[in-house]
Amino acid sequence: MSLKKKTCSTMDDSEYGHFVDWEKMEQPSQNHILKEVRTTDFQEVKTMARQGYWAKCHTLRANVYKQLIKEIPCRTVTPDADVYRDIVVKIVGKRVSSMIHLPEFVDDRPIPTYCLNTEGLLAVRKIIACIENQFPDISFCPVLPSLVSLLLHYNKDEASCFEQVSRILACNDPRKRLVDQSFLAFESSSMTFGDLVNKYCQGPHKMMVALSEDVLEVYSNWQRWIFGELPFTYVTRVFDVYLVEGYKVLYRVALAILKFFHKVRVGQVTESNNIKEDILAFVRNIATFVSPEKLLEKAFSIRLFSRKEIQLLQNANEKALQKKGITVQQKRQNVHLAVHAENFNSEIVSVKEMRDIWSWIPERFALCQPLLLFTNLEHGCSLTRFYSLCEEHEPTLLLIKTSAREVCGAFLSTAWDQRKRGGNKLSFFGTGECFVFRLQPEVERYEWVVIKNPTEGRETDSDTVRPMASVSEISREDPSERLSPFLATRHFNLPTRTASMFMAGSMDCIIIGGGDGQALYIDSDLNYGRTNHCSTFNNPPLCAENFQISVLEVWGFKDTMST
């Protein structure tokens, strides 16, 4: 694509302004001389999109959108403008806007007016009605009204807008996921976002846990923050980058929104207990707190995992939902389960404390209820018994109360039977989803050190340390087939030993975390233990360095929704 040099005026509505109320549209403060843009140079276009180059001119943005969307790989049969012209009268007739009902799959989501005029608002309903007719496989797509409204600002007529939306919906490039079109995809995206918040926004996440009994219900609104509540000047800047870089941009922006919300909220004195609505109100009024440029700057300063790793997590979340009966045809369903107070009983933690722990674990497991697998009070102080009752369960949660009433534990992503792959040799296994924590005397979680400091997982001298046999040699199965695949590709290729010592076990002891110490060491009698700083989790001692175990519990994850 190439756009020739031209002058862009402050009121450039000659071609693409038919549906726009120009009194609502924010205009550039001065004329701009536009240079030629070539989409064949991806890095140049990526830079321009992030810097808001075509935000300077309505016509330029319209032309860039047209070309970018035209280049989206689509199904062989994708409805175009001619199809729209053929079907719109038959489907809509001459009905007024209020008589054109939105399809069920938009989930009662209102149409964002943005800067549309009255004719534009009617056109949005007509286009959505025709989309419903041409895409019968769509079962859940609440972002569609926002998508149509936004693109209509940059199209000459309804038919061309319909074609652009159709191409986005019909994208068949597995590497370029654009729009969730089923409740399964939508819910797994919400779970993935929750996992990312858990990793990258621990302050905001802690606030969400404190103010909401069900954090996933809060996070299920994340797409609405962007496509629904974000002001037009902001959402168009996000959309500029989204068309170039894809779905991952949306995760970045939503994380940035949450970070700014947390920053503002902690400085306020408020009695509100509806955090979900508070976030929506913040997004609607975001211009009071941060500019579009600062929002994107924050979004791209977040050091996310790779697209491949996020896709592994997305796939795992979809599989977890499918096991609970959620299908691509599924309508909205409440799958946000917290720990049920009436069914939970622990000698170590309260329901509230267990819910706090549940908020830390990957979302696909948080769908499940806790299931007590082992307790030394009932099953005795035997490591053999511990293994026999726990080793086939994946993942597990280990809780320890010491004789001094200190409480600590670990989330362990991999089944204990993996210890057998090392033969008689004590060897480490597990994935980067493992973490350790303490609850008493204070609450603190310690994740894999590579999450916050990716360079920790790389040795500067390639000759100093070889990868662990238990990770790179013993565990040769495809990481995407593991129950806990998140971070697996990075973990399976780590060139350093100490940054990936997650868990190990023998008939003499169990160890969690390693390298310059052990986060937890428990003896074969499940009676005594010790805790130190370790390189894998960069944790301080989780309790007194040498401790006696009063109660030890292991919890599994019970699937209650598919039965």
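**Reading the terms in this model**

Visitor: What does the count of disulfides come to, and by which rule?

Guide: The count comes to zero disulfides, where a disulfide is a pair of cysteine sulfur atoms within 2.5 Å. The model is predicted: local features need pLDDT of at least 70 and side-chain atom pairs count only at pLDDT 80 or more, whereas totals for chains, interfaces and linings use all residues. Residues are numbered from 1 along each chain as its sequence is written, and side-chain values use heavy atoms, with hydrogens and water left out.

Visitor: Why is Cys 115 called buried?

Guide: Buried means under 20% relative accessible area, exposed over 50%, and partly exposed in between (1.4 Å probe, protein chains only). Cys 115 has a relative accessible area of 5%, so Cys 115 counts as buried. Cys 130, at 0%, is buried by that rule.

Visitor: How many aromatic pairs does the structure hold, and why is the pair of Phe 193 and Tyr 219 called edge-to-face?

Guide: There are 34 aromatic pairs. Rings of Phe, Tyr and Trp (its six-membered ring) pair if their centres lie within 6.5 Å; planes under 30 degrees apart count as stacked, over 60 as edge-to-face and the rest as tilted. The centres of Phe 193 and Tyr 219 are 5.8 Å apart and their planes stand at 85 degrees, so this pair is edge-to-face.

Visitor: What makes this pair a tie between parts of the chain?

Guide: Helices (H or I, at least four residues) and strands (E, at least two) are DSSP runs, numbered from the N terminus. Phe 193 belongs to helix H7 (residues 183–200) and Tyr 219 to helix H9 (residues 215–219), so the pair ties together parts that are 26 residues apart in sequence. Phe 193 is buried at 0% relative accessible area, and Tyr 219 is buried at 0% as well.

Visitor: What makes Phe 386 and Trp 416 an edge-to-face pair?

Guide: Their rings are 6.0 Å apart centre to centre, with 70 degrees between the planes; the pair is therefore edge-to-face. Phe 386 lies in helix H19 (residues 383–390), and Trp 416 in the loop between strand S5 (407–412) and strand S6 (435–440), so parts 30 residues apart in sequence are tied together. Both Phe 386 and Trp 416 are buried.

Visitor: How do you know that the charged end of Arg 50 sits over the ring of Phe 300?

Guide: A charge sits over a ring if NZ of Lys or CZ of Arg is within 6 Å of the ring centre and within 35 degrees of the ring normal. The charged end of Arg 50 is placed over the Phe 300 ring, 3.6 Å from its centre. Lys 298 lies over the face of Phe 260, at 5.7 Å from the ring centre.

Visitor: How do you know that strand S8 pairs with S9?

Guide: Two strands pair if DSSP finds at least two bridges between them. Strand S8 (residues 503–505) and S9 have three bridges, in the antiparallel sense, so they pair. Ala 504 has Ile 511 of S9 as its bridge partner, and a hairpin of three residues joins S8 to S9. S9 also pairs with strand S10 (residues 520–523), antiparallel over four bridges.

Visitor: Why is Asp 516 called exposed, and what is Asn 538 called?

Guide: Asp 516, in the loop between S9 and S10, has a relative accessible area of 69% and is therefore exposed. Asn 538 has 47%, so Asn 538 is partly exposed. Neither is a glycine, although phi is positive: about 60 degrees for Asp 516 and about 50 degrees for Asn 538.
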